[in-house]
Amino acid sequence: MFKLARYLRYFKKEVIIGPFFKLLEAVFELIVPLVMASIIDIGIKNKDTAYVLQRGGIILLLGFMGLVFALICQYCAARASQGFGTMVRNDLYAHINSFSHAELDLFGTDTLINVLTNDLNQMQLAVAMLIRLVVRVPFLIIGAIVMSMILDLKLSVIFLIVAPLVSAVLYLIMKKSVPFYKARQKKLDKVSLITRESLSGARVIRAFSKQEHEIERFKRANDEVADIAISVGKISAFLNPATFAILNIAILTILWFGGIRVNEGSLTQGEVVAFTNYITQISLALVVFANLVVIFTKAAASAARINNVFETVPTLTDKAGDRSNLSSEELTDTGLDGYPLISFENVSFAYPGTDKYALEDINIDINEGEIVGIIGGTGSGKSTLVNLLPRFYDVSKGVIKIKGKPVQDFSIDSLRKIFGLVPQKAVLFSGSISDNIRYYKEDATMEEIKWAIEIAQAKDFVERLPNGYDTIIRQGGKNLSGGQRQRITIARALVRNPKILILDDSFSALDYATDANLREALKKNLKNTTVIMVSQRANTIKNADKIIVLDDGKVAGIGKHEDLYRSCHVYKEICDSQIS
Amino acid sequence: MTSKESNQTLKRLFSYAKPYRMYLIGALFSALVSVLLSLLLPVFLGKAVDFIAGPGKVDFNGLLRTIAYMALFIAGSCIFQWTMSFCTSKITYFTVKDLRNSVYEKLNIVPLEVIDKTPHGNIINTMVNDIDAVSDGLLQGLTQLFSGIMTIVGTIGLMLSINLGIGFAVILLTPLSLFVASFISRRTYRKFTEQTEIKGEMGGLIEEMLGNQKLIKAFSYEDRALERFKEINARLHKCGVMAQFYSSLTNPCTRFVNGVVYASVGILGAFSAIRGNLSVGQLTSFLAYANQYTKPFNEISGVITEFQSALASAKRVFALIDLEPEPSDEGLLSGIQADGRVSLKNVYFSYDKSVKLIEDLNLEVKPGSRIAIVGPTGSGKTTVINLLMRFYDADKGTIEVSGVDIKKMQRKALRNMYGMVLQDTWLFEGTVRENIAYGKEDATEEEIINAAKAAYAHSFIERLPNGYDTVITKEGSNLSQGQRQLLSIARVMLIKPPMLILDEATSNIDTRTEIHIQKAFARLMEGRTSFIVAHRLSTIKESDLILVMNQGRIVEQGSHEELLRKEGFYHKLYYSQFHVTQT
């Protein structure tokens with residue numbers, strides 16, 4: 001929590017002025033009962049109307065000044081907490097942006113999103129409360145106790161009993177109900193899971209005529225939610241009456257013992273009234289205090305998660321000092337001729353945090369302009385292999401070279417820019433179709449976009465859409481079919497006219513005809529582009545210049561279709577299962 | 001929303017609460033009693049103070065009696081505060097439960113078209129969050145509103161009964177409380193709405209960017225993403241400062257208004273006391289009232305704000321409940337002797353009336369034959385499935401099974417005749433066993449295992465951590481796509497239906513599983529009329545009839561050879577593929 005506090009130094013003014021004014025307001029608030037006591041004891045007793053008016057005026061003035069001071073404080077709190085939140089959020093997002101794949105895998109998307117939204121909001125709230133209440137509440141509690149001690153030391157013992165008692169009750173009830181709230185959330189998640197399942201499985205449920213069964217299942221889960229909610233209700237229903245009872249019993253005690261003290265002459269009637277006022281103030285403050293404890297406990301947990309993200313440094317960075325930029329032109333530079341475009345030399349790789357190699361002892365050369373097919377079963381390491389090329393991960397052993405130089409010698413940014421990547425999952429972003437294509441090339445012209453769309457075999461359907469290239473992608477592409485989405489992701493990678501095009505099982509949603517046409521178009525239009533195609537379909541890669549067969553992280557064979565079909569049994573098995 | 005609409009929504013909501021009206025009455029009664037009892041306390045506090053007049057003038061008997069009364073009131077108020085909360089939570093959660101059940105039941109009887117067209121996220125959101133908002137805002141709000149009004153009325157009544165003049169003075173100050181409370185809540189509401197919008201926008205961006213961070217890195221899009229993030233963040237900051245400031249005004253302003261009331265009561269009360277019209281104790285009672293006078297006003301204005309958003313939520317909930325269900329099955333045939341004959345006569349269908357899809361489709365399917373449906377991606381191959389299973393009804397024409405119009409039989413009867421395996425396999429959270437036995441709950445262990453064996457699923461199931469008892473997590477994410485498909489084949493294997501609808505998977509299935517799936521499909525199809533959305537050449541070649549679809553229409557039909565001879569669309573489709581296939 002304290003590490004994040006450094007951001008508060010930008011809001012020094014607010015952090016000092018805010019609590020200061022809040023403190024003044026609290027002081028005023030503590031004075032009011034005393035002034036009222038003097039009205040009763042002096043004003044009324046002496047029938048002094050001028051005194052009453054004057055003292056009444058003071059209460060009004062104290063109230064008004066209190067308001068002004070409080071407003072100043074609230075404004076400071078708003079500025080500091082929102083400013084704090086905005087700054088941390090920007091920095092946190094920038095920091096997450098610097099993460100490489102290893103760190104992203106480590107945290108997982110959901111965690112990062114949560115940290116950036118919920119945890120940060122929690123911290124923001126804590127900062128506001130810090131300024132608004134952290135000074136005020138304890139001061140009110142202690143102040144009220146001190147004031148009562150000044151009035152009558154013996155009677156103030158009641159306060160010392162009441163304060164811990166209220167705290168204990170609050171603590172107990174919260175402690176009892178919190179696990180229930182968590183359990184309720186879990187049950188509610190189940191309700192939403194069943195709803196989600198019944199929507200996505202509507203066809204299957206109806207095909208099996210299982211609606212009634214599903215309704216029963218839902219009702220059971222729903223009953224559980226209601227049951228647990230009512231259990232929580234029973235417990236938290238104690239909160240108000242319990243504090244109410246303690247507070248009022250304290251008042252009764254004050255009345256009785258106060259009566260004795262007044263009879264002895266050591267306390268006045270007005271002071272007894274002041275006492276009851278203080279006890280009310282304390283109990284109100286204690287309720288706020290309990291909330292503060294909850295807020296800060298949550299904030300501490302949030303802060304720990306935020307710091308955890310901040311403290312994680314990306315493992316994969318540019319080498320310090322000389323790093324050369326890589327450009328498509330450079331790659332065709334004569335100086336680097338004689339080397340294969342890409343070479344894997346004894347490469348082994350294990351995902352961070354695991355010891356099993358996902359790839360083991362890989363040796364491959366890929367030359368310029370080649371079309372390379374990578375095939376193998378699920379989990380054989382195909383996607384892992386292509387993920388090493390743009391340095392999403394660094395190899396564990398061995399080296400990957402581009403034109404004879406280790407990939408680490410280039411700046412990451414320039415290295416990644418020579419690749420066009422079409423991922424396995426056809427993800428589209430919100431915005432229009434052309435916006436999506438510009439993700440890869442910000443300044444792509446309409447001609448370039450159309451060119452890419454045409455090669456990707458998407459021209460027909462895009463131009464048939466009512467708004468053509470300006471069609472807005474809805475809900476990650478729900479308004480397009482799987483095959484259409486996939487073709488747009490291919491166009492997106494093509495628009496950069498990449499030196500190396502990586503297709504990571506990117507034809508899976510295409511029917512065979514489109515698949516064939518697309519391969520034809522790639523071959524015709526991207527003569528200088530090296531294409532690396534990952535696929536499960538033998539058909540897709542069988543005409544490649546070089547086929548790499550992977551089996552369980554190792555190279556099972558490299559060669560052309562005919563040779564491999566004869567020599568590599570893994571490859572033969574794959575082909576036989578697919579080709580009629 | 002007009003007030004008439006609001007009234008209707010409220011009325012409907014209360015019709016849901018009706019079965020629990022005893023709890024409602026209980027809650028309101030408890031609120032009434034606890035408020036009255038707690039309001040009486042300051043009166044007795046005043047009396048007690050009067051018994052403590054000064055040194056030697058304390059009436060201990062009177063004091064003790066008053067304290068005893070107060071203790072009774074406190075105890076009574078506590079009990080009724082508890083019963084109020086208890087009754088409120090009962091009525092709230094029971095009503096919420098009923099609402100959820102109604103929504104869910106409706107979802108199971110609406111035409112599939114509704115489920116296809118409505119974003120699932122919206123429905124789930126209504127099911128979870130909107131219904132929660134209704135419970136918080138409308139049902140719990142109701143008791144708060146009631147006890148708030150009771151407190152104000154009671155306070156004013158008691159003040160007037162102690163001293164008319166001072167009572168009236170407080171009433172005159174009331175508009176101030178109202179004004180302040182409504183001013184703040186209006187401002188806050190407006191700013192909060194704006195802030196929620198910006199937060200939503202930011203959430204969307206974060207979800208999209210971080211959800212695809214690996215792609216963002218591949219695109220080198222990080223800097224542009226950061227720019228977009230910063231821009232929204234700056235707007236959020238500007239709006240957030242004011243939203244937070246306005247919302248934090250409530251407490252100080254309340255304290256101020258309270259202060260004004262307190263000072264006024266103090267001055268006027270002291271004047272009356274000097275004139276002898278008011279005792280010090282009565283002044284104390286007044287001060288105690290003044291101290292908490294504004295509290296109910298704030299609570300009420302808070303409740304009203306929540307009320308509005310809860311009403312909007314309730315409207316969305318009722319919109320779901322009001323969905324038109326599928327026409328009833330009542331009185332239709334509950335079962336026929338299926339022999340596997342299917343015929344389509346002059347069938348017309350389209351999803352959207354302005355775009356014609358299936359026109360005058362005629363098809364005669366003999367028992368046991370295989371129909372392959374082929375066509376490019378997105379050509380509408382699943383439309384045929386939708387019609388056969390009556391997920392959608394044909395606009396014109398008839399579809400008959402064994403000579404009986406499918407509209408004349410119960411949907412359940414029709415669907416039980418088909419076994420369906422879709423490409424998007426659907427499994428639910430439950431054990432492997434439960435998932436296989438989905439179509440036949442009373443299946444024996446032996447039947448389940450035999451079905452799994454026939455579907456080539458037995459061996460991988462045995463290798464799962466808990467075998468047949470392994471719980472499938474969220475829609476099957478702990479299984480590979482191929483394994484999920486094998487499970488859904490086993491599911492159909494178990495019920496042995498006379499007819500089949502199969503959707504061949506196109507994507508990511510590893511070789512060995514793929515072989516298993518093909519074998520399982522072949523075994524399943526033996527002797528059964530089958531409709532197959534086909535992607536594999538072998539399947540197509542071996543089928544008796546091929547329906548060729550393009551852009552949503554059936555453009556050609558016939559056997560493989562016939563279609564090739566035609567040299568039409570199928571010819572093109574086939575050769576574009578064969579062209580690469582030949583070795």
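This is a predicted model: local features need pLDDT of at least 70, side-chain atom pairs count only at pLDDT 80 or more; totals for chains, interfaces and linings use all residues.
## Annotated spans

UniProt, in an unreviewed entry, lists "domain: ABC transmembrane type-1" for residues 16-298 of chain A. In the model that span is 91% helix and 0% strand. Its end C-alpha atoms lie 24 Å apart.

For chain B, the UniProt annotation is "transmembrane region", also from an unreviewed entry. Residues 142-160 of chain B are 100% helix and 0% strand, with end C-alpha atoms 27 Å apart. Residues 166-184 of chain B are likewise 100% helix and 0% strand. The end C-alpha atoms of that stretch are 27 Å apart.

## Helix packing in chain A

Two packed helices are described by the angle between their axes and the distance between the axes. Helix 6 of chain A spans residues 157-200, and helix 8 of chain A spans residues 211-236. The two pack at an angle of about 165°, and their axes are 9 Å apart. Angles over 145 degrees count as roughly antiparallel, so helix 6 of chain A is roughly antiparallel to helix 8 of chain A.

The crossing of helix 6 and helix 8 of chain A is left-handed. What residue types make up the contact of helix 6 of chain A with helix 8 of chain A? The contact residues divide into 14 nonpolar, 5 polar and 7 charged.

## Pro352(A)

Pro352(A) sits in a loop of chain A. Strand 1 (342-349) lies on one side of that loop and strand 2 (359-366) on the other. Is Pro352(A) buried, partly exposed or exposed? Pro352(A) counts as partly exposed because it has 14 C-beta neighbours inside 10 Å. A residue with 20 or more would be buried, and one with 12 or fewer would be exposed.

Setting aside neighbours within four places in sequence, Pro352(A) is in contact with Ala102(A), Asp105(A) and Leu106(A). Ala70(A) is 282 residues from Pro352(A) along the chain. The C-alpha atoms of Pro352(A) and Ala70(A) are separated by 53 Å.

## Contact between the chains

How many residues of chain B are in contact with chain A? There are 127, and they meet 132 residues of chain A. Helix 3 (residues 60-109) of chain B gives the most to the side of chain B that touches chain A, with 23 residues.

By type, the side of chain B that touches chain A divides into 70 nonpolar, 38 polar and 19 charged residues.

Key
Residues are numbered from 1 along each chain as its sequence is written. Chains are lettered from A and ligands numbered from 1 in the order in which they are written. Axes are lines fitted to C-alpha atoms, for helices over the stretch in contact, and angles run from 0 to 180 degrees between N-to-C directions. Helices (H or I, at least four residues) and strands (E, at least two) are DSSP runs, numbered from the N terminus. Angles under 35 degrees count as roughly parallel, over 145 as roughly antiparallel, 65 to 115 as roughly perpendicular and the rest as oblique. A crossing is left-handed if the near helix is turned anticlockwise from the far one by less than a right angle, and right-handed if clockwise. Ala, Val, Leu, Ile, Met, Phe, Trp, Tyr, Cys and Pro count as nonpolar, Asp, Glu, Lys and Arg as charged, and the others, Gly among them, as polar. UniProt positions are given in the numbering used here, feature names are shortened, and annotations may be inferred rather than shown by experiment. Two residues are in contact if their C-beta atoms, placed from the backbone, lie within 7 Å.
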